[in-house]
Amino acid sequence: MGINISATNFVAFDDTHQRRVNTSLEGNPTVEMLGDIRVHHIFQRNNDGDLNRDGNPLVKAMKEMDGYRIVPMYREQFMARARLIVEGVAGDLDVDTVMPMPSSYSFSREIAVLVSDVIGRELLEPTFLRKRTIGEMLAQYDGNVPAHLNDRLAKLYKHQLGVWQGSKPGQLVSMKRIDTKIRSCFQPLCLTEDVPDLGGRRILIADDLLATGSSIVGVASLLQDGIGCPTPSAVCFLSGL
């Protein structure tokens, strides 16, 4: 079943098509590799009616953002279908801990709770991760254009630095405001001083949507390099396009 969007931005199921999102049991989950990170996607996005790589009406409705809404009945149906799909691959999710992606919205945590409940693994709150400030980003990245960027991407990179230079240094960085083509150039998170002992723990990162994968890769690098965890795996509510 796909999704329909009303003129007032309410999102609903539709059994007659698979436009925008494939929510069928037969077609899900899908799996992809982000480097060494194995990512399960509960629902698969497609570009039939949705070309926005960085968003989707369904996930926006589930998060109640940008004016999109969903009635409780449909929301419960989506989550019930998500549970069935996760149950179908529970045996493949061989981890010790499930951790939501740090977010100002609670939906990633809701996904983490669902997965944790289905596979019977503890939930880890990401309180030891924090967003970096614009001042911290400039201190690391200003004047350091990556050599692998072509001229067009280098221009985007420099433009982003210019945007930050015109912002308050103490403002928290927002990846949503960074062009998807250069997001992988930046690490927006860092470890706090209060890091738990997670060395050797196999962590599953739960996120709401895959745009470029840079957020998952960034968190994974902190878990691996900063804490000593093995390569994490991940599960996303919606796949990339």
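User: Which exposed residues sit on the face of α2 that is turned away from its buried side?

Analyst: Exposed means over 50% relative accessible area, buried under 20%, and partly exposed in between, with a 1.4 Å probe and protein chains only. In α2, the face turned away from the buried side carries Pro-72, Glu-76 and Gly-88 as exposed residues. The structure is a predicted model, in which local features need pLDDT of at least 70 and side-chain atom pairs count only at pLDDT 80 or more, while totals for chains, interfaces and linings use all residues. Residues are numbered from 1 along each chain as its sequence is written, and side-chain values use heavy atoms, with hydrogens and water left out.

User: What span does helix α2 reach from its first C-alpha to its last, and which of its residues are buried?

Analyst: Helices (H or I, at least four residues) and strands (E, at least two) are DSSP runs, numbered from the N terminus, and the expected span of a helix is 1.5 Å times one less than its number of residues. Helix α2 covers residues 72–88, 17 residues in total, and its end C-alpha atoms lie 24 Å apart, close to the 24 Å expected. Its buried residues are Phe-78, Met-79, Arg-81, Ala-82, Ile-85 and Val-86. Viewed down the axis of α2, these buried residues fall within an arc of 160° (taken from the directions between the helix axis and the C-beta atoms), so they line one face of the helix.

User: Which elements do the buried residues of α2 pack against?

Analyst: Packing is read from contacts, meaning heavy atoms within 4.5 Å. The partners of the buried α2 residues are the strands β1 (2–5), β2 (11–14), β5 (37–45) and β11 (233–238), together with the helices α1 (57–63) and α3 (107–119).

User: How many aromatic pairs does the structure hold?

Analyst: Rings of Phe, Tyr and Trp (its six-membered ring) pair if their centres lie within 6.5 Å, and planes under 30 degrees apart count as stacked, over 60 as edge-to-face and the rest as tilted. The structure holds 8 such pairs. One of them joins Phe-13 and Tyr-74, whose ring centres are 6.3 Å apart with planes at 70°, so this pair is edge-to-face. Phe-13 belongs to strand β2 and Tyr-74 to helix α2, so that the pair links distant parts of the chain, 61 residues apart. Phe-13 counts as buried at 12% relative accessibility, whereas Tyr-74 is partly exposed at 24%. Another edge-to-face pair is formed by Phe-107 and Phe-237, with 4.9 Å from centre to centre and 80° between the planes. Because Phe-107 lies in helix α3 and Phe-237 in strand β11, this pair ties together parts that are 130 residues apart in sequence. Both Phe-107 and Phe-237 are buried. Ring pairs link Phe-13, Phe-43, Tyr-74, Phe-78, Phe-107 and Phe-237 into a cluster.

User: How many residues does the largest nonpolar core have?

Analyst: A nonpolar core is a set of buried Ala, Val, Leu, Ile, Met, Phe, Trp, Tyr and Cys residues joined through side-chain atoms within 4.5 Å. The largest one has 34 residues, and those with the most contacts inside it are Phe-43, Leu-58, Val-115 and Phe-237. The elements giving two or more residues to this core are β2, β5, α1, α2, α3, β10 (203–209) and β11. Helix α3 gives the most, with 7 residues. Leaving aside neighbours within four places in sequence, Val-115 is in contact with Val-86, Leu-93, Val-98, Leu-204 and Val-235. A second, separate core of 22 residues includes Ile-203, Ile-205, Val-219 and Ala-220.

User: Which peptide bond is cis, and which residue has a positive phi although it is not a glycine?

Analyst: Most residues other than glycine have a negative phi, and most peptide bonds are trans. Here a cis peptide bond, with omega about 0°, joins Asn-28 and Pro-29, and Pro-29 is placed in the loop between β3 and β4. Glu-64, which is not a glycine, has a positive phi of about 55°, and Asp-66, also not a glycine, has a positive phi of about 55°. Glu-64 lies in the loop between α1 and α2, where Asp-66 is also placed. Glu-64 is exposed, with a relative accessible area of 54%, and Asp-66 is exposed at 52%.
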